[in-house]
Amino acid sequence: MKEACGVVGIVAPGRDVSHLCYDALYALQHRGQESAGMATYNDHQITVVKDNGLVSHVFAETTLRALAGSLVIGHTRYSTSGSANWTAAQPVYRSAGTSGFAIAHNGNLTNTTALADAAGIQFTSMLSDSDLVAELLARQVETGTTLTEALLKVLTNVEGAFSMVILEAGEVHAIRDPFGFRPLCLGRLGPAGAPEGWMIASESPALDVVGATFIRELNPGEMVTITKDGMSSVQLLEPAGAKQKLCIFEFVYFARPDTYLMGHQVHTTRRRMGELLAAQSKIDADIVMGVPDSGIPAAEGYAKASGIPFGYGLVKNRYIGRTFISPDQDKRAASVRRKLNPLRENIEGQRLVVVDDSIVRGTTTRALVKMLRDAGASEVHLRISSPPFMWPCYYGIDTPTREDLLAANHSVEEMNEFIGSDSLEFITLENLRSAIALDGECCDACLTGRYPAPTPVVLGVAGRRW
Ligand code: SF4
């Protein structure tokens with residue numbers, strides 16, 4: 001699985017917002033490494049710079065200096081809709097009305113074909129769902145409506161997941177979809193009594209790195225508008241239900257461990273997942289190790305609850321970029337070797353409990369188990385901190401189709417055999433929910449087939465819309 005995207009929005013009169021945005025995007029680099037971009041407004045015009053590559057590759061110091069202005073939005077992208085080439089990089093800019101606007105989007109829309117058909121637009125693979133929303137907004141603005149009015153009209157008909165930031169002359173808007181699938185939080189720059197500016201970000205560490213204070217997460221369907229005079233909020237779209245549906249995999253895998261989501265620090269929830277996983281069944285082993293990065297806190301929790309010592313068994317190369325992520329299964333196994341290397345002296349002759357966050361196709365996990373055996377492990381017992389991944393995600397996470405999801409087509413025993421582990425156990429859904437300490441407030445459709453929002457395909461008898 002690959003993360004979706006990260007978004008940032010800042011309005012801070014007198015501050016160097018492009019540099020602030022750079023630091024914030026850098027903190028969100030884990031959410032997307034394909035492309036990065038920024039749009040600034042300097043009282044006269046909107047300037048957009050975007051390109052393929054990591055944040056540090058796209059923005060040189062001279063580029064940041066040229067991005068003048070006190071309003072900015074930014075984006076890091078992993079493509080889940082449309083092409084991965086430059087045209088799909090964000091922010092997406094549209095000239096409309098007296099000026100124009102720029103949009104940066106995290107999520108995936110599920111009714112793009114219907115939206116495009118209704119508007120007479122040809123939705124090709126070169127056009128992402130974010131492009132489509134930009135086009136629909138631009139058409140509204142051309143008729144004389146304000147961008148805020150256009151947002152209400154267009155987004156009322158949009159289905160799926162969207163956490164968006166939008167820049168127009170003098171204003172930055174931030175909107176979260178009625179389910180709240182993707183995270184989005186609000187921060188303040190400067191002291192409480194005399195704020196120097198306001199900020200929006202996908203995850204709270206992006207606020208921390210620029211010295212902003214976390215205020216709160218946006219509510220599902222809420223729109224926050226920031227100008228040089230301050231911040232205001234409206235409930236633009238009706239929430240989809242009494243409880244929001246934040247993606248449960250933000251806790252398991254996607255979000256940074258230092259991120260706060262719904263009042264919980266992600267690292268703490270991952271430790272709890274490991275503790276509850278250990279309590280599910282007892283096993284004799286010599287060492288508990290986590291698969292970096294998100295498996296580490298869960299392994300710490302497992303070790304604490306089981307009494308088996310925690311140890312490091314894998315070293316991760318942190319400099320592997322998108323170049324090495326290949327669609328081909330053999331190449332995927334090879335990419336595991338590039339990314340992870342065993343610590344032989346910690347592993348040799350040891351009975352290992354290996355804690356990982358998920359099993360999707362199973363090929364990566366199989367390569368990992370082989371690597372540990374080749375390094376001398378006498379036993380490899382896999383413990384997974386999410387339940388079996390049975391259904392594709394349509395809300396902004398890049399997952400294979402059902403045919404390629406190992407758990408959708410095999411029993412746990414068959415998976416254990418395919419992977420080559422000595423034993424395999426997944427955390428129960430009940431224990432995962434308990435670790436997060438939230439009840440029914442997360443989407444778990446890929447684990448249960450209960451999709452909160454409409455999906456773009458017919459799911460068959462077992463897949464239901466809730
Ligand atoms: S389907 Fe799974 S990955 Fe997608 S939003 Fe829901 S919980 Fe997250």
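Biologist: Where does Pro-91 lie?

Modeller: Pro-91 lies in the loop between strand E4 (71-77) and strand E5 (92-96), where helices (H or I, at least four residues) and strands (E, at least two) are DSSP runs numbered from the N terminus. A cis peptide bond joins Gln-90 and Pro-91, with omega at about 10°.

Biologist: And what should I know about the model itself and its numbering?

Modeller: This is a predicted model, in which local features need pLDDT of at least 70 and side-chain atom pairs count only at pLDDT 80 or more, while totals for chains, interfaces and linings use all residues. Residues are numbered from 1 along each chain as its sequence is written.

Biologist: Which domains does the assignment give?

Modeller: The protein chain is assigned domain 1 (5-244) and domain 2 (265-439), with bounds that come from an automatic or database domain assignment. Taken over C-alpha atoms, the centres of domain 1 and domain 2 are 34 Å apart.

Biologist: How many residues of domain 1 are in contact with domain 2?

Modeller: There are 13 residues of domain 1 in contact with seven residues of domain 2, and two residues are in contact if their C-beta atoms, placed from the backbone, lie within 7 Å. On the side of domain 1 that touches domain 2, the residues divide into four nonpolar, seven polar and two charged; here Ala, Val, Leu, Ile, Met, Phe, Trp, Tyr, Cys and Pro count as nonpolar, Asp, Glu, Lys and Arg as charged, and the others, Gly among them, as polar.

Biologist: Which residues have the most contacts inside the largest nonpolar core?

Modeller: They are Val-8 and Leu-137, in a core of 144 residues, a nonpolar core being a set of buried Ala, Val, Leu, Ile, Met, Phe, Trp, Tyr and Cys residues joined through C-beta atoms within 7 Å. Domain 1 (5-244) and domain 2 (265-439) both give residues to this core, so it lies between them. A residue is buried if 20 or more other C-beta atoms lie within 10 Å of its own, exposed if 12 or fewer, and partly exposed in between, with C-beta atoms placed from the backbone.

Biologist: What does Val-8 touch?

Modeller: Leaving out residues up to four places away in sequence, Val-8 touches several residues, including Cys-21, Leu-25, Ile-73 and Val-165.

Biologist: Switching to H10, is that helix mostly covered or mostly open?

Modeller: H10 is mostly covered, as nine of its 12 residues are buried, among them Ile-296, Pro-297 and Tyr-302. Those buried residues pack against helix H9 (266-280), strand E17 (287-290), strand E20 (351-356) and strand E21 (379-384). Just after H10, Gly-307 takes a positive phi of about 80°.

Biologist: What sits in the loop between E17 and H10?

Modeller: Asp-293 is found in that loop, and the peptide bond from Pro-292 to Asp-293 is cis, with omega near 0°.

Biologist: What about Met-262, buried or partly exposed?

Modeller: Met-262 counts as partly exposed because 17 other C-beta atoms lie within 10 Å. Met-262 is found in the loop between strand E15 (260-261) and strand E16 (264-265), and has a positive phi of about 50° although it is not a glycine.

Biologist: Last one: which residues are around the ligand?

Modeller: They include Phe-181, Cys-247, Tyr-395 and Asp-444, where a residue is near a molecule or strand if its C-beta atom, placed from the backbone, lies within 6 Å of it. The shell around the ligand divides into 10 nonpolar residues, no polar and one charged.
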